[in-house]
Amino acid sequence: MTHHDDRDNLEQVAIVRDRDLALELLGAQPTNRRIATLAHSVLAREPRFTGTYLILALHHQARGELDDARRELRQLIGFQDGYRLTAVRILRDLEYENRRFDEALRLAEHAMQGGEEVEWLDLMMLGAATVFTGSRTDGWDLMDEAVVWTGRVDPTLIPKVLAKRALLFLSTGAPPERFLPAAEAAIAASPWERLLSIALAYAYLYDYRAADARDLFQRVLREDPTDTVAQGGMIMARGFLEPIERGDATMDQLREAGMGEMAWRIMHEQIFDLDIEHALAALSRVLPRALVRALRGPLRRKKLEATEGNRSLLGWHDGQDPGTGDAWGLGEPVRLLSGAEVDAMAAAAQDPGAWPTWSEDDAFVPIATDDAGSYFFEGYASRLYRRTVGGPDVEVAPSLADWVWDRVVDFGGEEPRPGRAPRG
């Protein structure tokens with residue numbers, strides 16, 4: 001062996017050492033800048049080590065440098081070597097996570113062309129992308145197909161696949177009647193899936209199986225007494241069962257009031273941070289200038305504690321000035337009521353014949369007005385309604401939070417709600 005060969009061997013050892021060090025750092029400190037330095041050095045000395053592009057891409061992704069991650073992955077896909085399918089999958093998942101669903105679908109279809117290398121997750125992710133880009137039902141059907149396919153190919157993976165399907169059903173906004181049997185199957189195969197157990201219990205509430213929900217919440221809380229979502233669910237389950245046990249209500253009455261629907265919505269708001277507080281924070285980031293000028297400052301703490309209105313909303317802004325309803329851009333004047341206006345309405349409603357009226361049994365929290373006699377209010381199951389003199393109440397949105405998220409999206413903010421694609 002010549003000295004030249006010795007040098008080549010030493011250089012190859014050094015290249016492998018640097019690549020392995022970059023890989024180690026990626027596992028331990030994925031945002032460490034030294035990873036990129038090492039990876040670029042490896043590729044400069046040995047371009048055939050194309051797997052190093054994966055290290056670079058994952059490093060950029062960890063740092064939030066998504067365009068750089070995309071560039072490295074696309075370059076690797078272009079090489080058409082043994083890393084191509086891995087790069088396609090990573091890029092597919094990156095685009096899906098960042099709600100670029102059209103591109104995620106294209107890459108999911110690409111991954112499905114991998115022949116014998118295709119896996120159950122490829123079909124599952126094709127279904128997830130389809131939910132947001134085409135037919136929601138077709139997307140969920142593809143996820144079901146992934147379970148059947150796994151049962152034929154490798155039944156040992158079924159518990160993992162059932163859990164993934166149920167989680168994707170939850171995150172893509174599948175209706176509870178579809179989620180419930182999928183979650184039951186997943187829990188039967190893997191009882192330790194806590195998030196699915198909690199969501200399944202809420203699905204039981206939606207289905208008015210309150211005793212089943214209570215029992216499942218109890219099991220979750222025995223494992224983790226600090227789980228606030230399960231704690232809230234237990235309170236709701238008791239709210240279903242105790243009035244029935246006392247003879248104060250029937251399950252049919254609870255169904256008519258929409259209690260199950262409200263429980264399912266509250267679960268989504270808690271798990272996915274979709275509650276009114278998160279919605280208002282997101283709205284603050286995208287408010288048009290005209291609306292910023294129209295809104296008043298937040299209601300002060302002492303007055304907030306004493307008000308009859310929605311405290312989250314009034315603690316954000318204490319309504320807006322009359323005549324500024326057009327600032328919402330809804331094609332009709334709708335302005336938020338102040339705390340003082342809400343309290344005055346509550347006081348006036350105590351007089352016989354006053355309008356709008358609400359009895360002790362009628363949930364009615366005024367929210368907004370068109371200054372022409374119509375009012376938005378929170379009613380049964382916390383839905384948002386419009387009430388007009390002489391007309392029936394009309395549902396405006398499933399909840400105040402949902403109405404606020406609609407405004408966030410209207411003003412150019414991101415759409416975070418499960419199963420809803422970004423507006424084009």
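**Close-up 1. Residues around the largest cavity.** In this predicted model, the largest cavity is lined by G309, N310, L313, L314, L337, V342, P366 and I367. A search of the whole structure finds 1 cavity of 30 Å³ or more, and the space in the largest cavity comes to about 50 Å³. Two elements, α19 (311-316) and β2 (365-369), each supply at least two residues of this lining. Sorted by class, the lining of the largest cavity holds 6 nonpolar and 2 polar residues, and no charged residues.

**Close-up 2. The largest pocket and the residues at its centre.** The volume of the largest pocket is about 510 Å³. Its lining is made up of 22 residues, and of these W264, R265, H268, D402 and R420 are the closest to the centre of the pocket. The elements that contribute two or more residues to the lining are α10 (176-189), α15 (259-271) and α21 (400-410), and it is α15 that gives the most, with 5 residues. In terms of class, the lining of the largest pocket consists of 10 nonpolar, 4 polar and 8 charged residues.

**Close-up 3. The second largest pocket, with lining residues from α1 and α3.** For the second largest pocket the volume is about 210 Å³. Among the 13 residues that line the second largest pocket, those closest to its centre are R19, G51, T52, I55 and Y83. Helices α1 (3-28) and α3 (52-62) each supply at least two residues of this lining, and the lining as a whole divides into 7 nonpolar, 3 polar and 3 charged residues.

**Close-up 4. The packing of helix α2 against helix α3.** Helix α2, which covers residues 34-45, packs with α3 at an angle of about 160°, and the axes of the two helices lie 10 Å apart. Because angles over 145 degrees count as roughly antiparallel, α2 is roughly antiparallel to α3. The crossing of these two helices, α2 and α3, is left-handed. On the α2 side the contact is made by I35, A36, A39, H40, V42 and L43, while on the α3 side it is made by T52, Y53, I55, L56 and H59. The contact of α2 with α3 includes 8 nonpolar and 3 polar residues, with no charged residues. Two residues named here for α3, T52 and I55, are also among those closest to the centre of the second largest pocket.

**Close-up 5. The packing of helix α8 against helix α9.** Helix α8 (residues 136-153) and helix α9 (residues 158-171) pack at an angle of about 175°, and their axes are 9 Å apart. That angle makes α8 roughly antiparallel to α9. From α8, the residues W140, M143, D144, A146, V147, T150 and G151 meet I158, V161, L162, R165, L168 and F169 from α9. Taken by class, the residues of the contact of α8 with α9 are 9 nonpolar, 2 polar and 2 charged.

**Close-up 6. The packing of helix α11 against helix α13.** Helix α11, formed by residues 194-206, and helix α13, formed by residues 228-246, pack at an angle of about 20°, with 10 Å between their axes. Because angles under 35 degrees count as roughly parallel, α11 is roughly parallel to α13. As for handedness, the crossing of α11 and α13 is left-handed. Helix α11 makes the contact through I198, Y202 and L205, and helix α13 makes it through V229, A230, G232, G233, M236, A237 and F240. The class totals for the contact of α11 with α13 are 8 nonpolar and 2 polar residues, with no charged residues.

Terms used
Residues numbered from 1 in each chain as written. Predicted model: local features only at pLDDT ≥ 70, side-chain atom pairs only at ≥ 80, totals over all residues. Heavy atoms only, no water. 1 Å grid on protein atoms, 1.4 Å probe; cavity = no way out; pocket = protein on both sides within 12 Å on 5 of 7 lines; lining within 4 Å. Points joined across faces, edges and corners; volume = space filled by probe spheres on them. Helix = DSSP H or I, 4+ residues; strand = E, 2+ residues; numbered from the N terminus. Nonpolar A, V, L, I, M, F, W, Y, C, P; charged D, E, K, R; others polar. Axes fitted to C-alpha atoms, helices over the stretch in contact; angles between N-to-C directions. Parallel < 35°, antiparallel > 145°, perpendicular 65-115°, else oblique. Left-handed = near helix turned anticlockwise from the far one by under 90°. Contact = heavy atoms within 4.5 Å.
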